[in-house]
Amino acid sequence: HLGAYASGLSSPNGRLYLGVGKNYFLDPNNRLWIHEFSKAGKLSRRYKLESEEQNLPVIFDMDFSKRRIFVVTENAEIRVYPF
C-alpha cells in the first residue's frame with residue numbers, strides 16, 4: 001500500500017499543500033500527513049495530524065489567515081488543527 005498525494009490546495013502566497021495517504025479503503029488509519037512545498041517546489045515542512053478514535057481520510061482544507069487545518073473524519077465530522 002504505497003502512499004500517494006490524494007488531495008491538495010495552494011495558499012494565497014503560492015505555497016502548495018498536498019495530503020498524503022494510503023488507499024483509505026484498503027488501509028484506513030488515524031493519521032493524515034500534509035506536505036508543504038515552496039513556490040519553487042521544495043518540500044519545506046510536514047504536518048502530521050492524528051486522531052485517537054477516528055480514521056482520517058485525505059480530505060482537508062486550510063484557513064491561512066487563522067492558521068487552521070480542517071479535516072473530515074471517517075464519520076463526516078470536521079476536526080480543526082492549528083498549524
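Visitor: How many salt bridges does the count come to here?

Guide: First, this is a predicted model, where local features need pLDDT of at least 70, side-chain atom pairs count only at pLDDT 80 or more, and totals for chains, interfaces and linings use all residues. Residues are numbered from 1 along each chain as its sequence is written, and side-chain values use heavy atoms, leaving out hydrogens and water. A salt bridge here is a side-chain nitrogen of Lys or Arg within 4 Å of a carboxyl oxygen of Asp or Glu. By that rule, the count is 4.

Visitor: Which residue does Arg79 meet in a salt bridge?

Guide: Arg79 sits in strand β7 (residues 78–82); strands are DSSP runs of E, at least two residues, numbered from the N terminus. Its partner lies 26 residues away, in the loop between β4 (43–50) and β5 (60–63). With 2.7 Å from N to O, that partner is Glu53.

Visitor: Is Arg79 buried or exposed?

Guide: Buried means under 20% relative accessible area, exposed over 50%, and partly exposed in between (1.4 Å probe, protein chains only). Glu53, at 55%, counts as exposed. Arg79 has 17% relative accessibility, so Arg79 counts as buried.

Visitor: How far apart are the closest N and O atoms of Asp63 and Arg68?

Guide: Asp63 is buried at 17% relative accessibility, while Arg68 is partly exposed at 28%. They form a salt bridge, with those atoms apart by 3.1 Å.

Visitor: What does Lys48 form a salt bridge with?

Guide: Lys48 is partly exposed, with a relative accessible area of 42%. The closest N and O atoms are 3.8 Å apart, and the partner is Glu50.

Notes
Helix = DSSP H or I, 4+ residues; strand = E, 2+ residues; numbered from the N terminus.
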